Amino acid sequence: MSTTETIDLVPIEVTVNGQLYRREVEPRLLLVQFLREELRLTGTHIGCDTTYCGACTVQLNGAPIKSCTVLAVQADGGEILSVEGLAKDGELHALQKAFSEHHGLQCGYCTPGMMMSAHALLAANPDPSAKDIRKAIQGNLCRCTGYQNIFKAIEAAAAELRGDG
Amino acid sequence: MYPAPFRYHRAASIEAAIRQLSELGEGARALAGGQSLLVWLKMRFGEVSDLVDIGRIPGLDAITQDAAGVRIGALATHARIARSPLAKLLPIVGDCANGIADNQVRSRGTIGGSLASGDPSCDWPVLLTTLDANLHTQGPGGARDLPVDGFVEDLYVTKLKPGELITGISFAMPVKGSAGAYVGFKRCAPAYPTISVGVQLSLKGEQCEDVRIALGSAGLTTIHARAAEAELKGKTLTPATLARAADAAVAASDPVDDQRGPIAFKQSIIKVLVRRGIETAKRRCHGETVEVSHEYY
Ligand SMILES: Cc1cc2nc3c(=O)[nH]c(=O)nc-3n(C[C@H](O)[C@H](O)[C@H](O)COP(=O)(O)OP(=O)(O)OC[C@H]3O[C@@H](n4cnc5c(N)ncnc54)[C@H](O)[C@@H]3O)c2cc1C
Ligand code: FES
Ligand code: FES
């Protein structure tokens with residue numbers, strides 16, 4: 001298609017972290033760009049931009065997805081949870097506290113995506129084994145920590161959320 | 001990275017999608033989970049004029065099974081199949097669904113897209129060739145049923161005609177005493193397999209009554225390793241017969257030298273995986289619960 005042709009914008013309605021947003025978007029707009037550039041929610045990161053690193057992970061209707069490989073128009077009518085939705089009333093989420101306490105991050109680039117994958121795991125499986133945790137973050141790369149402290153942080157958050165932390 | 005601009009249409013039914021694709025012509029493409037197509041468009045490997053989003057067509061993601069057989073709708077995601085009762089009933093299906101990429105890609109990618117992409121690295125065509133499945137399509141010329149074996153004719157080239165969509169797949173329930181395994185070897189979760197192997201085996205005592213073996217990422221299309229099957233049929237599964245089958249599978253393969261490894265390396269992986277697939281299937285035939293998953297290097 002020639003780029004000089006104008007493309008109709010598509011109206012979408014997306015609930016992000018409990019708030020409904022109505023926007024008109026270009027069909028090719030990626031969900032990650034919608035979140036970062038339209039809504040200015042820059043907690044969701046872009047790393048590889050090719051579906052590998054998981055830095056852009058958010059949840060769409062409860063499922064973890066790589067938002068660099070979903071169109072904003074595909075999220076129409078959906079509910080997004082991004083890292084900004086974790087803290088409640090100024091209180092950090094158990095995962096955020098645990099990542100901080102257990103040094104689950106260094107540069108922090110992978111962290112929002114890591115936490116969104118971990119959050120999806122704990123919602124489905126409150127008492128994950130070490131293997132479950134490893135499997136849950138297989139699609140999230142960290143170039144700093146060597147992962148050990150991320151595993152510890154997720155274990156600690158799971159215990160905290162179960163009430164036996 | 002942005003794909004080049006395109007128009008977006010959302011199909012309400014399979015009939016509407018077929019009509020839209022036919023009217024929009026050559027530049028239009030169906031969009032299911034987007035886990036192959038959006039990557040391709042972002043990398044600017046190609047452009048489309050229009051995307052017809054089939055992802056919301058109701059009823060196309062059902063997974064049903066009865067004594068006679070299994071049917072999976074084209075829009076069933078890898079994650080949905082991995083969580084289904086079918087994945088427990090037939091561990092080979094669970095091996096495959098759980099081995100594809102990572103949680104995030106599995107949440108979106110569909111079995112129909114995996115077949116339609118014609119990508120020799122996709123796992124479902126290999127699994128479905130192993131299970132001798134059929135795929136069902138609907139298009140401007142009506143509905144068709146085709147075997148998955150041979151559906152992909154060449155690299156990224158399938159038997160689909162313009163405007164024709166995959167609606168689902170089906171296969172007969174494996175007979176009692178038959179079991180399978182799907183094993184893969186890859187660099188990491190969010191990467192396509194370096195090699196994958198599907199094996200479905202029927203035993204009579206210690207003898208192989210019937211077997212099907214398919215190889216993925218081992219050539220330009222899924223390879224149905226008939227010569228390897230011939231080495232096993234009617235034989236007792238000894239280390240020597242397994243080794244002959246593995247050698248026959250290597251001879252049937254045609255891997256390419258790429259970033260996942262040189263040819264000789266891939267051939268040695270095929271040997272290991274064919275043996276491992278047969279051994280796992282054999283243990284499962286004997287009623288053992290064996291967990292296998294894709295291994296990383
Ligand atoms: C990082 C990464 C790792 C991956 N690793 C693996 C892996 O290990 N194993 C594996 O098997 N796959 C892997 N994949 C691919 C993934 O499984 C895709 O989901 C799948 O190949 C395509 O399914 P989709 O629904 O996303 O299709 P889309 O991307 O939406 O479409 C792909 C193609 O199929 C066509 N199409 C889609 N649905 C239909 C239909 N019903 N009828 C006709 N045409 C249709 C589209 O027009 C398009 O040409 C990986 C992908 C990524 C990004
Ligand atoms: S930025 Fe989306 S996976 Fe890396
Ligand atoms: S903390 Fe730096 S990439 Fe994970």
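Which residues are the closest to ligand 1? They are B:Arg29, B:Ala30, B:Leu37, B:Thr110 and B:Asp123.

## Basis of the model

This is a predicted model: local features need pLDDT of at least 70, side-chain atom pairs count only at pLDDT 80 or more, and totals for chains, interfaces and linings use all residues. Residues are numbered from 1 along each chain as its sequence is written, chains are lettered from A and ligands numbered from 1 in the order in which they are written, and side-chain values use heavy atoms, with hydrogens and water left out.

## The ligand site

In total, 34 residues surround ligand 1. A residue is near a molecule if one of its heavy atoms lies within 4 Å of it. These residues come from chains A and B, so the site is shared between chains. By class, the shell holds 20 nonpolar, eleven polar and three charged residues. Here Ala, Val, Leu, Ile, Met, Phe, Trp, Tyr, Cys and Pro count as nonpolar, Asp, Glu, Lys and Arg as charged, and the others, Gly among them, as polar.

The side chain of B:Ser36 places an N or O atom 2.7 Å from an oxygen atom of the ligand. For B:His78, a polar side-chain atom lies 2.8 Å from an oxygen atom of ligand 1. The backbone of B:Ile166 has a polar atom 2.9 Å from a nitrogen atom of the ligand. On its own, ligand 1 has 970 Å² of accessible area, and the protein covers 96% of that. Accessible areas come from the Shrake-Rupley method with a 1.4 Å probe; for residues, only the protein chains shown count as cover.

## Chain B as a whole

Chain B has eleven helices and 15 strands. These are DSSP runs: helices (H or I) have at least four residues, strands (E) at least two, and both are numbered from the N terminus. Of the 297 residues in chain B, 57% are buried, meaning under 20% relative accessible area; exposed is over 50%, and partly exposed is in between (1.4 Å probe, protein chains only). The chain exposes about 12,200 Å², with 52% of it supplied by carbon and sulfur atoms. Its C-alpha atoms fill a box of roughly 60 × 45 × 30 Å along the principal axes.

## A loop residue

B:Thr238 sits in the loop between helix H9 (226–232) and helix H10 (239–252) of chain B. At 32% relative accessibility, B:Thr238 counts as partly exposed. B:Thr238 and B:Ile72 are 166 residues apart in sequence and 36 Å apart in space, C-alpha to C-alpha.

Methods:
A polar contact is a pair of N or O atoms within 3.5 Å; within protein, one must be able to donate a hydrogen and the other to accept it, and residues adjacent in sequence count only if both atoms are side-chain atoms.
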